[in-house]
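Happy to walk through this one with you. Have the model open while you read.

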Amino acid sequence: MIPPDPTLLCVHPHPDDESIACGGVLAKAADQGLRTVVVTCTGGEAGENLAGIDLGDEDLVAHRRRELAEALTVLNVAGRYLLGYRDSGMVGDPGNDHPDSFHGVDVEVAATELATILRTERPDVVVSDDADGTYGHPDHIKSHHVTVRAVQLAADPTAALAGEPWQVAKHYAHTLATGRILAVHQRLRAAGLPSPFGEDDIDDAADLPFGSPDELVTTEVDVRPWLERKRAAMAAHRSQISEDSFFLNTPPELDDALFGTEQFVLLSGQPGPVDASGREPDLFAGLPTAAGVSSGGFGAGSSAPPVDAASFKAALGSFVTGVTVMTTFADDAPHGMTANAVASLSLEPPLVLVSVARTAEMASRVKLGGVFALSILARDQRRLSDRFAESGREFGHEEFNGVAWEPVVTGAPVLDGAAAYVDCRVRELVDGGDHVIVVGEVVAAQATDAEPLAYHRGRYGGFLPAPDADDT
Ligand SMILES: [Zn+2]
């Protein structure tokens with residue numbers, strides 16, 4: 001039973017976007033032994049020969065295809081796909097109206113193509129543009145919508161699509177935090193250098209033409225060890241990088257601020273553990289990676305070194321769990337959080353335990369409210385699991401918009417349609433490292449015969465009986 005290689009798949013509208021936006025994380029993942037895949041939506045037809053290089057007999061599109069191939073080789077990208085649409089150009093460009101333009105294609109059509117690739121490659125992590133298209137280019141906006149829809153389609157067993165359904169564990173948008181853009185802009189201006197963010201002095205992040213507010217950035221990957229590779233990949237797109245490009249003309253002391261990290265916003269999936277900055281340090285945070293699952297055999301050993309985080313997570317990721325939504329009611333408002341570190345603890349008295357990250361909103365609210373309920377989700381409720389795991393969701397009553405629930409005894413919400421629930425009063429909060437173990441005394445409980453939702457290595461499923469002993 002060898003699990004498939006953990007896979008990172010990045011969707012980009014034009015040749016060169018992959019190196020500029022994701023060159024660091026692609027090189028890092030490949031070096032860690034993960035499989036990497038890049039999907040490029042257009043041929044970059046609207047690009048110009050900015051560097052004025054001699055193309056010989058070749059047209060620019062053919063040339064850019066070779067540049068892309070070279071960049072992907074530099075980044076050691078294993079899987080390469082071209083969707084084959086036509087670059088639409090910037091807003092208002094006549095290319096927007098070309099019949100083959102990516103901008104004009106039906107989202108459902110392009111998403112179906114991409115979903116087929118997702119089912120083939122089965123990526124754990126997908127990266128695309130954000131809803132603003134990073135800087136407003138119509139192809140970048142389109143690429144976002146196509147990817148969001150493709151992730152849904154790939155997982156949908158009823159979709160008219162070849163291949164086995166596949167649930168992407170995490171979908172991220174690459175981004176730049178506005179605080180970082182502002183700092184870089186001010187430093188470039190102070191050094192008398194051209195800034196890609198314009199000629200004007202800007203003092204307020206709100207005045208920037210693009211970028212994500214700092215607090216929305218969920219993930220920041222240190223890519224300094226892969227900076228040379230990222231630069232080489234960018235340089236492979238030589239027709240697109242003119243002599244005066246800011247990429248080639250920044251002083252080395254600005255390198256770290258400009259290119260030292262790549263930033264992302266988690267759009268769907270369960271966030272992994274964060275570091276001291278409050279952000280995930282890696283796209284695979286919380287997911288098993290090759291480093292964790294590849295160690296062969298069970299070594300004997302009192303002399304073994306302390307376990308590394310990846311092995312620990314990969315080992316515990318082998319433990320199949322159910323999925324619950326833990327809820328509480330505090331300060332006149334309900335709150336919910338997807339939880340699967342849940343266990344029954346004692347029969348007499350009836351006790352359960354839930355492990356809650358110290359940084360989670362739930363940790364403070366359950367302490368305040370003194371009550372909680374666990375709704376054990378039914379197999380058809382994985383949307384609720386995603387919903388209550390979504391980072392950046394609104395807390396309070398809005399959090400439950402469109403979700404049917406009722407209080408039972410303690411006032412903590414119990415979700416309609418759950419396979420079972422327990423309603424509890426908090427008995428004890430116990431130190432559990434970076435988590436708090438919440439021990440609850442069960443005051444009400446009920447089960448239905450609905451099939452429960454199961455969770456394993458970032459994927460949802462159901463229960464499958466094992467073969468009888470004499471069948472094996
Ligand atoms: Zn682009």
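Some questions and answers on helices and domains follow.

This is a predicted model, in which local features need pLDDT of at least 70 and side-chain atom pairs count only at pLDDT 80 or more, while totals for chains, interfaces and linings use all residues. Residues are numbered from 1 along each chain as its sequence is written.

Q: How many of the 15 residues of H1 are buried?
A: A residue is buried if 20 or more other C-beta atoms, placed from the backbone, lie within 10 Å of its own. H1 is largely enclosed by the rest of the structure, because the buried residues number 13 of the 15.

Q: Which helices do the buried residues of H7 pack against?
A: H7 (residues 227-236) buries Arg229, Lys230, Ala233, Met234 and Ala236. They fall within an arc of 155 degrees (taken from directions from the helix axis to the C-beta atoms), so they line one face. With contact meaning C-beta atoms within 7 Å, the partners are H1, H2 (60-74) and H8 (255-259).

Q: How far apart are the C-alpha centres of domain 1 and domain 2?
A: An automatic or database assignment sets the bounds: domain 1 is 7-177 + 212-269 and domain 2 is 321-460. Their C-alpha centres are separated by 37 Å.

Key
Buried ≥ 20, exposed ≤ 12 C-beta atoms within 10 Å, placed from the backbone. Helix = DSSP H or I, 4+ residues; strand = E, 2+ residues; numbered from the N terminus. Contact = placed C-beta atoms within 7 Å.
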